[in-house]
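Look at the sequence and the structure together. The questions below start with one residue and then turn to the chain.

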Amino acid sequence: MRHFARISFILISLLMLAAISIPAYAQVKIAEVETLWRLLDYIAVDYPGAVDKGKVTNDAEYSEMEEFSGAVVDGLAKLPPKPGRADLVAKGDELNAAIDNKTSPDKVARQARLLATELLRSYPVPLAPKIAPNIQNGKRLYAQNCASCHGMSGNGQGPNAEQLDPAPIAFTDGARARERSLFALYQVIGQGLDGTAMQSFADLPAQDLWDMAAYVGGFAFAEASKGEELWENDASIRALFPDLAALASMTPANLGKQIGPEKADAVMAFLRNHPDAIGATSSGSLALSRTKLKESFAAYQAGRKDEAETLALSAYLDGFEPLEPALASRDPSLLKAIERSMARVRAAIGDDLPVAEVESRIDALDRLFSEAESALDADQASQASAFVGAFTILLREGLEALLIVVAMIAFLRKAERPEVMLYVHGGWITALLAGGITWFAATYLIGISGASRELTEGFGSLFAAVILLFVGLWMHGKSRADEWQRYIRETMSKVLSRGSAWFLFGLAFIVVYREVFETILFFAALWTADNGMIILVGSGAAIFLLMAIAWAMLSYSRKLPIGKFFAYSSALMVVLTVVLTGKGIAALQEAGFISVTPLPDFLQISMLGIFPAVQSILAQIVAMGVIAIGYWYNARKT
């Protein structure tokens, strides 16, 4: 019972560590980041009305710009420590100095926009609604809450306008509207605007705020029919809006730089009045992967093979891998298909296949991306999928570590050496602490790239596999009762009083740290503000199952004859050796450390470390060969 309690503590600790793996943005108050973004947006839009040709043209407006830029610098400095924060503060100081020096509006606007973009890159907040805005609801809410000041037509001349100083914004002002994104309007409606009569509507649901923003954003643009024609007939325009996030963040001015101002106004008139033309935003957009693959193909066409390989690898590590946990919980078969397809693309580039073949493989991958985006769509997310994802991840990652740690505890109990268990417990406790430090460092101090994650997992798996191989063969050699008794009598006391105790510490540390590291990555990708509790529930269910498994193993091992105990433990160790060998090679392939030779028709069983690639299969065959030789050698000795 005492050992069962210890194992329970192990599992509970794993859950606690998974819980603290919430991404950094979940710990930052979203409102703080949104406020800073809103101030930067106002500086970009309103500064031209304060300064012209190095001279102040509106004292009140200029004073406000100075106040806003100072607030930005102070706010950036107060954000939680994270990679890039120092650079944000430095750029905030540069913006502040530019305003003090009455720099040209174009330059200040560029600085403010760039800083706003980098702010959201370092401290992400939701940029788009979960579903397409309802324009009719937005119109109703506007009439109830906004028309008295801004006017029914949005011209800023409502019944109460004359009593307000400063005057309400005229949403029909085209020049101003072209600089405003729907996200900027959403921010103002939700938070209000200090120093004006614009109150906060934060008490309204987020979707209502998006509905109002979309309705207000359409006042300045009237050619919706022309925009609809452009939208339906020009695929290049549709490609600029892969999801609602693109619509929410795009300003008409920026769109105008890409397709021309007149077309941009018309397209915005249509999309802001018919946002459902785009559909619901995807929380799992693969736009980055697509971009990287296009760049990779262009480099391959131009004969720059090394660059093409690097970009294709980045398409996986930086664009797709962060979405793997969510996709694994919703469509595991699609995840496997994409992993295979991406490996085939990298292999085609590495093998210098014809350009047409590389293009064909990228096109096939792009179709799978579309399926993945549908599966990852915010509408498709559910409490059930979050529960299943958390449950399976913790069960899968925890089981490997649990089997090995429990086997070591049972082994020491058989040897009647409880004092050496302190080393085992010290190993897994240190692994948990190291996992917590890793999470903290990755969140606040440094960035862990996709390649670094895969390399850590890959080398960790292979190192653990080597150790387990020796342990498994050693246990097999002691599986005969007389051999074990002789070992106990002659060497056990000496060995366990010296280096082997630290060996057990190291083994416990490695196997637990590897699983903790991977669990942190998965949970960080799955966690959102909406599903945090259900993820904890799923994790709790996995913990109870792992506790039951631990109890059963410890209880059964107590009753096993020593020979059978060592025979079964040896089998467990060598099986895990083969599994970790396959996983380790696969992770190094994903990091680009080892080349990939796909086996298109070969099965993939990730739990068993079986992946459809020549290198990983050969490595497992070699591992099984070494195991067979070891078993044969043990048999000869007896």
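Q: Is Phe 270 buried or exposed?
A: This is a predicted model, in which local features need pLDDT of at least 70, side-chain atom pairs count only at pLDDT 80 or more, and totals for chains, interfaces and linings use all residues. Residues are numbered from 1 along each chain as its sequence is written, and side-chain values use heavy atoms, with hydrogens and water left out. Buried means under 20% relative accessible area, exposed over 50%, and partly exposed in between (1.4 Å probe, protein chains only). Phe 270 has a relative accessible area of 6%, so Phe 270 is buried.

Q: Which residues is Phe 270 in contact with, leaving aside its neighbours within four places in sequence?
A: Contact means heavy atoms within 4.5 Å. The C-alpha atoms of Phe 270 and Ala 224 are separated by 4.2 Å, although these residues are 46 residues apart along the chain. With the neighbours within four places left out, the contacts of Phe 270 are Ala 224, Gly 227, Glu 228, Trp 231 and Ala 277.

Q: Which helix holds Phe 270?
A: Helices (H or I, at least four residues) and strands (E, at least two) are DSSP runs, numbered from the N terminus. The protein chain has 29 helices and two strands. Phe 270 lies within residues 261-273, which form helix 16.

Q: How far apart are the end C-alpha atoms of helix 6?
A: The expected span of a helix is 1.5 Å times one less than its number of residues. Helix 6 (residues 105-122) has 18 residues, so it should span 26 Å. The distance between its end C-alpha atoms agrees: 26 Å.

Q: What percentage of the residues of the protein chain count as buried?
A: The protein chain has 638 residues. Those of helix 6 that are buried include Val 108 and Leu 115. For the protein chain, the buried share is 51%.
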